[in-house]
Amino acid sequence: MSVLTRDEAQNRAKLIDVLRYTIELDLTTGDETFESSTVIRFAARTHGDTFVEIRPAALHSVTLDGEPVDPDTLDDNRLPLTGLTAGEHELRVRAGMRYSRTGEGMHRFTDPTDGETYVYTQLFMEDVQRVFAAFDQPDLKSVFELTVQAPQGWTVLANGITEHLGDGRWQAAPTPLISTYLVAVAAGPWHSVRTEHRGLPFGLHCRRSLAPYLDADADELLDITRACYDRYHEKFEEPYPFDSYDQAFVPEFNAGAMENPGLVTFRDEFVYRSAVTTTERQTRAMIIAHEMAHMWFGDLVTLQWWDDIWLNESFAEYMGYQTLTEATRFHGTWTEFGVVRKPWGYDADQRPSTHPVAPENVDDTASALLNFDGISYAKGASALRQLVTWLGEKDFLAGINTHFARHRFANATLADFIDSLAAHTDRDVHAWADAWLRTTGVDTLLPTVSGSNGDHTLTVDHQGSRPHRVGVGLYDLDLADEDRHLTLRRRLEIDIPQSTPEPLGKRPALVLLNDGDLTYAKVRFDPGSFDTVRARLSGLPDPLTRAVVWNALRDAVRDGELAPAAYLETARAHLPYETDLALVQGVLTFASTQAADRYATPEQRPAALAALSALCRDLIRRTEDGDHPSLRLIAVRHFIAVAAHPETIAAWLADGTVPGGPELDPDLRWRVLARLAVLGAVDDADITAELDRDPSATGREGAARCRAALPDAEAKRTAWAAMFEDDDLSNYLFTATAQGFWQPEQADLVADYVPRFYQDAVALAARRGPAIAEAAGRWAFPGHAVDPDTLRLGEQCLVDAHPIPALRRKLVDQLDDLTRALRVREARLA
C-alpha cells in the first residue's frame, strides 16, 4: 500500500478544503464484504491534480462533477483526480469493501457463545480507506453525514446520535469538523445501558453475551464517566464539543481504546467475566478518563501531522491519571503509573528505536505508526508532569485553555501549543520544550553523600542533558519500631543540574532522589542508602516512594548492576508486607517475566521459580483471613504462572477452588490449564472439555493458547501452521496461539522453529499487514532463546529480508532486549 508522506499531505492541504462527506454503508450484503458509497464535496483553491484514497475489494464506479472516472486508474490505494479547477467539486465513489479479521478498518466478529455478529470500525492512521473513500490526513477536517443499512434487529452507533428510519436503515447526526481517522461506526445486536448527564445522552454497549457482566458494573462505569466529565468541565473552559457520549466495548480490539468523538471504543475484556483486582478496575477507570480527555486533546484540537501525536497521547495520559486521582475513589493512580506505565517509557527510550517525544522527522504514515509507544504515552506524560511541577498548575491550565480557544475544531502543532503556554508565564517554555521534547534517552541521577558527624552534603551527578526539578526524600531509621519503619525527616526540592551541594545535616539512612516521582529519570543510591533499601524497603511510608525505589532496583537489574537473584531476594523479603496492589503486581510481573524467564540462565531458572513460588505462598498465607481478596487473587495468579510442578494447581482445578478461596472462575481455570499444558500434565481432550465448559470467545483463545503450549511435536506443528501458513486466525486467536507456543521449559522441542520465525514472520507481515505484524513481532518472537545465535539470525533478517516497518520496529526492539538479557547474564557470571 502506498503510504502518505508529509510532503504529499502538505501539498494536498494547500490545494483543497474538504467541505462534507455523505457516506452510505450497506452491511447486509454478506459475510465477506459490504457496500460503501461516498459523496465528497470539496473545494480547490487553484488548478491542480490530487488523489483520494480507497482500498476496495471492487471499485464499482467513480464520478467527478458528474463525469465518469475510469476505476482502472486506481493505483494501489490511490485514485487520481486530475485537471481540477478552482472552485467546488463533487466526487462520488461506489465500492465493495472487505470486512477485516485483524482489527483494522471494518472488523467483523461472530460471537461463538450465541452466534450473533457485530461489526465496528477502527480507522486510525490510514484505515479509513478500508471503509470509504477519503482525503485521508488529519488536517483535512470535515463534516461527516452517515447512513447505514443494517440487518434487522441490529443497533447502529456512530459519532453522533443515531436514528432508526425503519427497515434496518439508520442515520447519524452530522458531525462537527473532525478528522477522517476519528469517524466511527459500531453495529450489531448490542446490549445497551443508557442514561443522561447534564442533558447529554450517555450510553454503554457490549455484546449480548456479556450483558450480565456489563449490567453488574454499569453503575461504576457511569459514575466514573460522570465524575471525569464534571472534572474536565472544571478544568477546561471549552465545553464538551459533541452531541452524545457512548462507550462501546467491542470484540478483538487491537488497542486498549480509541477516542472516536462521541463513540469511544474499548476492548471488551474490560467487561469483566471473572474476578479482577481493584488495580485492574483502576486501570479501566484510567482508560475511561484518558479517552474522555481526548475529546479535547485530539478531537476538538487535532494534530496537524503525525509528528505531534504526543499532543494527543501524552496529554490524555497525563490528564487521565491526574483527573482520576482528583475526581474518583482511585487515589493511587500515580503509583500505578510509576510502576507500570513509566517503565514502559524507560524501556522504549533506551532502545535503538527511541525517538523524541515530539520528533521532527516523521516523513510518512508508516513511520508515524511506529511512534505509538511508551515514549509518546508514558514519557510524554512524565514530561508534562514535570512541566506542571516547574510551571505551576494554574499557568499550565491557562495555557491549555488558550490553546483550545485558538484552535477549536482545527489543527495545531507543537509550536502552537508552546505559544499558548508562553502567553501565561515568564518562564522560557520554548527552551523547556527543546530540552524535554526534542531529545531522546533517559537521564540518570546519581547521589553522593559526603561529610562527617552532623555535617553532610548531597551532590547529584547528572548524566544527561535535561533540567529537572526533583524531590529528595531524607529518611531516618526508627530504631524503636519493631516493624523496621523509616520516617521522613524532610523532603527537599532541588534543581538539577545543581549549582551548589545541598546541606543535609546528620547523615540520613536513605537519600532518595525523585521522591514523589515528579520527573523522568533513572535514579541510583549511594552505598549507605542502598543497604537501607535492601533491609527496610517495606518500611517506607508512602507507596509512590516505594514505587520509585522498586523502579530503581528494576533499572539496576536491566543495566547489569544488580543480580536478578538479589532482586528476587529483595522481593521475597519485602513484598509480603506490601499494601499497594499495583506495586505487588508490577514487581511480581518483572520478577517472573524478566528476572526468571529471561535474565536467569536455564540452570538458574529453577531456583528463581522456587523463590517466586515461595513468595506467592507467603502472600496467599497472608490473605487467608479473606480481608484482601485482590491481593490474594494476584498471588494465586502468579503462583499458577510460576508453578514448576503440576500437583498443587491440578488439585485446584479438580476441586474448582483454591483452598480458602477463590473459586476458580473461567479466567483462573484457563490459567491453570495453560500452565498444566506447559508442564505436560493435560492433553488435547482436557482442553476440549474445558472449551465445552466455556465456549465463549475468551474460551476459544484459552484453548488456542493451551494447545500451542502442549509439549508435543505435532501440537507445535499445528500451532505454527495456524499462525504462519493458513492466514485464518483473527488477531486475537493469533496472539493467543503465539503466547502458548514458546515456553522456556520447551526450548529443545522448539529449537528448530527459532530460525524459521524470521523468514515466516517477514512473509506473514507482508501478506496480512501491520496489526498482525505487530502481534507476530511482540508475541511470536522466540524471546526465551537468549543466545547469540538468535541475535545473529535476527540481525541478518533486518539486513537481508526487508520486513515491513511495523515488523522491523518490533524486531529491532526485541533484538535489543535480547542483547540486554545476554549482558545481564554475563554480568551475573562475572
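Two strands pair if DSSP finds at least two bridges between them; strands are DSSP runs of E with at least two residues, and helices are runs of H or I with at least four, numbered from the N terminus. This is a predicted model, where local features need pLDDT of at least 70, side-chain atom pairs count only at pLDDT 80 or more, and totals for chains, interfaces and linings use all residues. Residues are numbered from 1 along each chain as its sequence is written, and side-chain values use heavy atoms, without hydrogens and water.

**Exercise 1.** Work out in what order the strands of the open sheet lie, and how β15 pairs with β16.

*Solution.*
- Step 1: the order is β15-β16-β17-β19-β18, with mixed pairing among the 5 strands.
- Step 2: β15 (191-197) and β18 (257-258) are the edge strands, each pairing on one side only.
- Step 3: β15 joins β16 (residues 200-206) in the antiparallel sense, over 7 bridges.
- Step 4: H197 has L200 in β16 as its bridge partner.

**Exercise 2.** Find which residues of α21 and α22 meet, and classify the contact.

*Solution.*
- Step 1: look at α21 (residues 713-724) and α22 (residues 731-741), whose axes come within 10 Å and cross at roughly 145°; axes are lines fitted to C-alpha atoms over the stretch in contact, with angles from 0 to 180 degrees between N-to-C directions.
- Step 2: taking contact as heavy atoms within 4.5 Å, K716, A719, W720 and M723 in α21 meet F734, T737, A738, G740 and F741 in α22.
- Step 3: by class, this contact has 6 nonpolar, 2 polar and 1 charged residues; Ala, Val, Leu, Ile, Met, Phe, Trp, Tyr, Cys and Pro count as nonpolar, Asp, Glu, Lys and Arg as charged, and the others, Gly among them, as polar.
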